[in-house]
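Me: I would like to learn how to read a protein structure. Please take me through it feature by feature.

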Amino acid sequence: MKFNTIYEILRHSVEKFPKKIASAMFGSEEVTFEQVDERVNQVQEQLMSAGLNPGDKVVLLSGSMPNWGVCYFAAATAGMVVVPILPDFTGEELDKLIKHSEAKALCVSDRLFTKLSKETIESLNIVIRTKNLSVISQKVEEKGSKRLPEPDDLAAIIYTSGTTSLPKGVMLTHYNIASNVSMLYDLFPIDENDSMLSVLPMSHTYECTLGFLYIFSAGGTVTYLEKQPTASVLLPALKKVRPTCFLIVPLIIEKVYRAQILAKFTSNKFWRTLYSIGFVRRYLHRVAGKKLHKAFGGKIRFLGIGGAKLDTQVEQFLLDAKFPYAIGYGLTETAPLVAGQIPGKCKLGATGPAMKGVEVRLDDINPETKQGEIVVKTPSAMQGYYKNPEATATAFTADGWYRTGDLGYIDEDGYIFIKGRLKNMIVGPSGENIYPEEIESIINTNAYVSESIVTEKDGQLVALVHFDTEAIERLKNELMEKWEIKRDEWHKKKDKWAQQMEELKKDIVTYVNSKVNRFSRIAKVEEEEKEFEKTPTKKIRRFLYSGDKKKSEQTSK
């Protein structure tokens, strides 16, 4: 299946599957492909009634729902430019992004509407409520126009979430996005019999391209959750929807593994002993995998994992369990997929080979490690950053390949292995390249660790660790039983508990240093009591926790 524009995707599916359910809210409304088309026309009429024309920007700020896709199609297929914004930005950030985009219209959900300033609302020609597509406010009353988009027309501006800097507006054409959808058919074909439960923000490029446009193009059905995908919400939905495809970020499956699998097999000495035996562990993983497959509805054939690096221990469990997982690698700037590996063809720690139609090479290769920066040539590469020519210029090589900023290597089968971000790399005392992400992946295998960051302080590597609250509580319960005390007597053992935590930190240091090379060894573990601050795409804002940042904060106090 080959598409050149988002308009072609819409028309193809509306004409081929008019009466079939395209999307639904869990437990409530269902929308057919034909109804999507009707609603798209309605929103286009509203936009044009407020004087919008091809090339004008339409911000889409909403939780996931069928009408999110309607508004996306309405803007993009009229030749306008859709600006999907992640819902987790602060009100002040949203105001700045909307102003920066020069938007004339806004499609917004009720909850997010309240985060915007009065000045922002008054600056827009029209504001449309995504829940029922009614007009909230309209300042301009004049006749606009629309036209069919061409492949090279700008389709979307997507603001990155900024782990190391302010958000940048990624400009993607119709062909950038449509070509990525087309590539997916070569990677893992789906059809009208497939269904998906959506739990990620639709404004995330990963979810938008794979979880919305791709499944829409195939005639599949997507179901959206109204509530946050906590275990109590997600598991009943999975059992009822019984999706064949499910897209997640690593954080979700890592939490499931630690809470449901690892916690069980490390709950006492008997289980820990069994779990330490290789063939027994693999058997236990196989049994747990069958239960997990059933918990996911029993029909899952594609569990797509992307957006960040998957913990190696968790991936080993999925491999042992023969769970149908897939791993993709991509960036907002490449709309997004660059590489992918599918169920049954996954290599531990890899992201798979390049997609068909994509070329990948390594630049500035280290002769010793054979690692270099991953650069790509793809029809899905962005046109540049909106109103930021300087950042655009540095994002591409002299011969026009996109610089990913990721360090890695490519094996003899063409599988790409990501070692870490170029910006995150720490240079050791003798010039060694140290990748904090690799060390963190080992730290995070500890049953008591929720997440971690490795940073450099005074010439030493230090691990900042946020411990898993539930795991720590289980440890306290075990110790209360051992010490023969009750919860209200816990204060009596305050010193002993502090000693226990210090021993846990030392155990982590010892274990990690037994697994890494000499110059990647950590000197100590420091506890971070609060969860690490994250971007709207749930990536840790690493720069807030760097040694230099901590020093500058202390100096300023």
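**Strands, bridges and buried places**

Reply: Strand S18 (residues 384-385) and S9 run antiparallel, joined by two bridges. Two strands pair if DSSP finds at least two bridges between them. This is a predicted model: local features need pLDDT of at least 70, side-chain atom pairs count only at pLDDT 80 or more, and totals for chains, interfaces and linings use all residues. Residues are numbered from 1 along each chain as its sequence is written, and side-chain values use heavy atoms, with hydrogens and water left out.

Me: What do labels such as S and H stand for?

Reply: Helices (H or I, at least four residues) and strands (E, at least two) are DSSP runs, numbered from the N terminus.

Me: Which residue of S18 stands opposite methionine 171?

Reply: Glycine 384 does. S9 also pairs with strand S8 (residues 154-159), in the antiparallel sense, over five bridges. There, isoleucine 158 has valine 170 of S9 as its bridge partner.

Me: Is S9 (residues 169-173) largely enclosed or open?

Reply: Start with the cut-offs: buried means under 20% relative accessible area, exposed over 50%, and partly exposed in between (1.4 Å probe, protein chains only). Five of the five residues of S9 are buried, so the strand is largely enclosed by the rest of the structure.

Me: How should I think about the two faces of a strand?

Reply: In a regular strand the side chains alternate between the two faces of the sheet. In S9 both faces are covered. Gly169, Met171 and Thr173 are buried on one side, Val170 and Leu172 on the other.

Me: Which strands pair with S17?

Reply: S17 pairs with S16 in the antiparallel sense, over five bridges. Leucine 362 stands opposite isoleucine 374 in S17. S17 also runs antiparallel to S19, and four bridges join them. Here glycine 372 has glycine 408 in S19 as its bridge partner. S17 (residues 372-377) is mostly covered, with five of its six residues buried.

**Salt bridges**

Me: What counts as a salt bridge, and how many are there?

Reply: A salt bridge is a side-chain nitrogen of Lys or Arg within 4 Å of a carboxyl oxygen of Asp or Glu. By this rule the count is 28 salt bridges.

Me: Where can I see one inside a helix?

Reply: First, the general idea. An α-helix has 3.6 residues a turn, so residues three or four places apart point the same way. Now look at helix H4 (residues 91-101): lysine 96 and glutamate 92 both lie there, four residues apart, about one turn of the helix. Their side chains meet in a salt bridge (3.6 Å, N to O). Lysine 96 counts as exposed, at 54% relative accessibility. Glutamate 92 is exposed too, at 55%.

Me: Which parts of the chain does the salt bridge of arginine 301 and aspartate 194 link?

Reply: The two side chains meet at 2.9 Å, N to O. The pair links distant parts of the chain, 107 residues apart. Arginine 301 is in the loop between helix H12 (278-295) and strand S13 (302-305). Aspartate 194 is in the loop between helix H7 (174-187) and strand S10 (195-198). Arginine 301 is partly exposed, at 32%, whereas aspartate 194 is buried, at 3%.

Me: Which residues form a network of salt bridges?

Reply: Arg11, Glu15 and Asp37 are linked in such a network.

**The cavity**

Me: How does one find empty space inside a protein?

Reply: Rolling a probe the size of a water molecule over the atoms shows where empty space is left. On a 1 Å grid over the protein atoms alone, a cavity is a set of points where a 1.4 Å probe fits but cannot get out; lining residues have an atom within 4 Å of a point. Grid points are joined across faces, edges and corners, and a volume is the space filled by probe spheres set on the points. This structure holds one cavity of 30 Å³ or more. The largest cavity has a volume of about 100 Å³. Of its 13 lining residues, the closest to its centre are Ala22, Ser23, Phe212, Phe216 and Tyr224.

Me: Which helix gives the most to the lining?

Reply: H3 does, with four residues.

Conventions: 1 Å grid on protein atoms, 1.4 Å probe; cavity = no way out; pocket = protein on both sides within 12 Å on 5 of 7 lines; lining within 4 Å.
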